[in-house]
Amino acid sequence: MKKEGLLQSEGFKSVAASVLSILIGLAVGSIVIIIVGLTSPNLSLSAAWDGIRIVFGGLFSTGRDAAGTLTWGFNSTNIGNMLFRAAPLIMTGLSVGMAYKTGLFNIGAPGQYLIGTLVSLSIALGLPSETMSTTLIWILAFVGGTLAGALWGVIPGMFKAFLNINEVLACIMTNWIAANLVTWLFDISNFKNVAESTKTGYIYKTTYNGVATAKMGLDKLFPGSQVNGGIIIAVVFAIGVYVMMSKTTFGYQLKACGSNRHAARYAGIADKRNIVISMAIAGGLSAAGASLYYLSGNTEFFWSTYQSLPAIGFNGIPVAMLASCNPIGIIFTSLFMSMLDISGLQLTNLTAYNEYITNVIIAVIVYLSAFSLVIKMWIGKLGKKKDDGADANAEPVPAAPAPASAQAETEKGGDAK
Amino acid sequence: MTFLIQQTLIYAVPLMIVALAGVFAERSGIINLALEGIMVFGAFIGVWFVRILQTSDAILSLKQSGNWVALQGVELLVMLVAAAFGALFSLLLSFASINLRADQTIGGTALNLMAPALVLFFIRIIANQNTLQMLTGDAASWFMIKKSTLGIDKSTDLGFFGETFINKVYLATYVCILLFIILSILLYKTRFGLRLRACGENPQAADSLGINVYKMRYAGTTISGALAGMGGFVYALTTANCASNGDVAGFGFLALAVMIFGNWKPGNIAVASLLFGLFKCIAASYASIDINGDGVYMLAEIGISAHLYRMLPYIVTLLVLAFTSKSSRAPKAEGIPYDKGQR
């Protein structure tokens, strides 16, 4: 009786749908690895098995021993790096998720992220660290980058609110404009790294000017990794967004505009203003993510970026979708996503496969989250049919074959050629 | 001038055919945000197929004997294969959005994420690098129609039209233009086209007249996928020297913008894509454009930064959308999953 209630609860269904999506995504990735392992002449089945194990447990991989077999164990570098990479992902995820709750699809996160990078790095490298406290410079750079991103987010917001232009299109255009603008401005700036002759096309690390994110003791916990206080700041932001969206009138107004713009206006909510504000907040969050990443002091920015957009921006979309746009959920899905990232790197380093398979897995997961409603419905039905069963976590699995096989079939169709 | 027209056409034609792909999907009621992803996928399949063909001796001997008619046939075959796989890939979108009533924006985004990931994964495995190229030779020597392929002496002047439209061109360009015209007629002058459009405007009414909305939407999205896949390969062939690297430089999204700017009508889309092709062409080769033929490269000499030229197509898109948005009219039922029970 109690379990039926659990299966019917909205929160459980959301989590179960996400877990199911992740499992199917990982399964599809494994299938691709096996197919490639079987069909490729220079890969054996044991190589495929190694690949699959790394996809699932790359975080705890410690390399290969002398005999060439994979070794496993607690890897502080991997876990610390996972936390480090999760911080900007949480921010872009919050950006996409928060906008989605207000009815806007913020595919402009990469552009906002780039603008944040530009302004943060310029402030961090441009202000004189001899006369100013580096902590103050860090704060100014972080705030400046965030505000710049917010302004950049306002552009598609205005197009949507006042001209009724699809925000997806406006965001895509502003993304490419941002990519060109950032390249242009860095090209004429004097922040290009000329001190190290081996590095061409990179901007100085912020440590060049003595600016770096505080470690907050995390480097003691995970020695040998890049981790810093950024992850703590990101979690604080996530909680802040949660409170804003769920516990304040302001958040309620934004959401009301999202579910029905015209009804919201009828209720006396300034719909146009709210659309612009919610894009501004989304833009600020993305840009803050960029600031956290590039102010860390151990990352370098490749400035000639006019032909490509930062993946962290786009990855905000899967992070948010997987968490059903719940700010607290986004913390966990970001951790999962950056874990996949680490697994991808291990895959490239340790096997003949490459890191792009983890992107395939992410794409499958996003695809499944597109019809998470249907999956939730299946889970709900399942709960009604079975009065008593085994473990609640195992229950959703029987519903899986339908999407899994359809997915695998089409996937195979793509591979066969 | 010849150079300018040819370059503009090279950019405009993939845009045009992919924008038409968008029209077929949206007129049937499905938002195909995945155009970019399908293009990436089509480009990869096309290039890979060319590589596979190039391992066969029969094909290589065609090249050696200079049998250019047969090589054009090969080009058409590859276009067909790219289209077929584009259609196959788009089934992922149709299945999710028609059968499972998924959010079409997220579904399309998923395909856009999936295509480059899959493509790069396989390119790394196949070629052990990030770009997949032809095995031997380049696009120009294999597939381009030049004076020498037609057996005309290089020094002969074919006149303005000859030089522009016969020398140094790809058959693919003309095939796409022809397809564009045929499919526009299909959409507007046939029963199938009328039914397809009805499903994008008022699916309930269409259903009440005995039209199978699901089938029509599948048809629209599949045609869309085929065109986008083919467009992707044509883009790779004509602008990227028949190479695939998991990227089509935002062309799929530009095509979406062209479609909206063209108000979902083929005639307007043709004009719009020419305009965008021109801006893309200026961005790509402004330094070597000699407009009036006096040997002065005006655009390069004004002293405007290359970065600004590269930004132009996107800025113009935004501005144009801003000015035309009031009169634009999207298909009424696009993006709304069809539910038989709904009133």
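A:S324 counts as buried, because it has 22 C-beta neighbours inside 10 Å. A residue is called buried if 20 or more other C-beta atoms lie within 10 Å of its own, exposed if 12 or fewer, and partly exposed in between, with C-beta atoms placed from the backbone. The model is predicted: local features need a pLDDT of at least 70 and side-chain atom pairs count only at pLDDT 80 or more, while totals for chains, interfaces and linings use all residues. Residues are numbered from 1 along each chain as its sequence is written, and chains are lettered from A and ligands numbered from 1 in the order in which they are written.

The predictor gives the complex an ipTM of 0.82 and a pTM of 0.84. For chain B, the mean pLDDT (the predictor's confidence in each residue, from 0 to 100) is 86, and 94% of the residues reach 70 or more.

Chain A contains 17 helices and two strands. These are DSSP runs numbered from the N terminus: helices are H or I with at least four residues, and strands are E with at least two. Of the 417 residues in chain A, 53% are buried. Among the contacts in chain A with a separation of 6 or more, 75% join residues 24 or more positions apart; a contact means that two C-beta atoms lie within 7 Å.

One pair of helices in chain A is α9 (residues 230–247) and α14 (residues 327–350), whose axes come within 8 Å and cross at roughly 150°. The crossing makes α9(A) roughly antiparallel to α14(A), a label for angles over 145 degrees. On α9(A) the contact is made by A:V235, A:A238, A:V241, A:Y242 and A:M245, and on α14(A) by A:P327, A:I328, A:I330 and A:I331. By class, this contact has nine nonpolar, no polar and no charged residues. Ala, Val, Leu, Ile, Met, Phe, Trp, Tyr, Cys and Pro count as nonpolar, Asp, Glu, Lys and Arg as charged, and the others, Gly among them, as polar.

Between the chains, 40 residues of chain A are in contact with 42 residues of chain B. On the chain A side, the elements giving two or more residues are α6 (134–163), α7 (167–187), α13 (311–322), α15 (356–370) and α17 (401–416). Of these, α7(A) gives the most, with eleven residues. The chain A side has 28 nonpolar, eleven polar and one charged residues.

Because 23 of its 27 residues are buried, α11(B) is largely enclosed by the rest of the structure. After α11(B) comes B:N241, in the loop between α11 and α12 (251–261).

| Residue | C-beta neighbours within 10 Å | Class |
|---|---|---|
| A:S324 | 22 | buried |
| A:F250 | 12 | exposed |

A:S324 is in the loop between α13 and α14 of chain A, whereas A:F250 lies in helix α10 (residues 249–259). Their C-alpha atoms are separated by 21 Å, and the two residues are 74 residues apart along the chain.

Most residues other than glycine have a negative phi. A:S324 is not a glycine, yet its phi is positive, about 50°. B:N241 is not a glycine either, and its phi is positive, about 55°.

How values were computed. Axes fitted to C-alpha atoms, helices over the stretch in contact; angles between N-to-C directions. Parallel < 35°, antiparallel > 145°, perpendicular 65-115°, else oblique.
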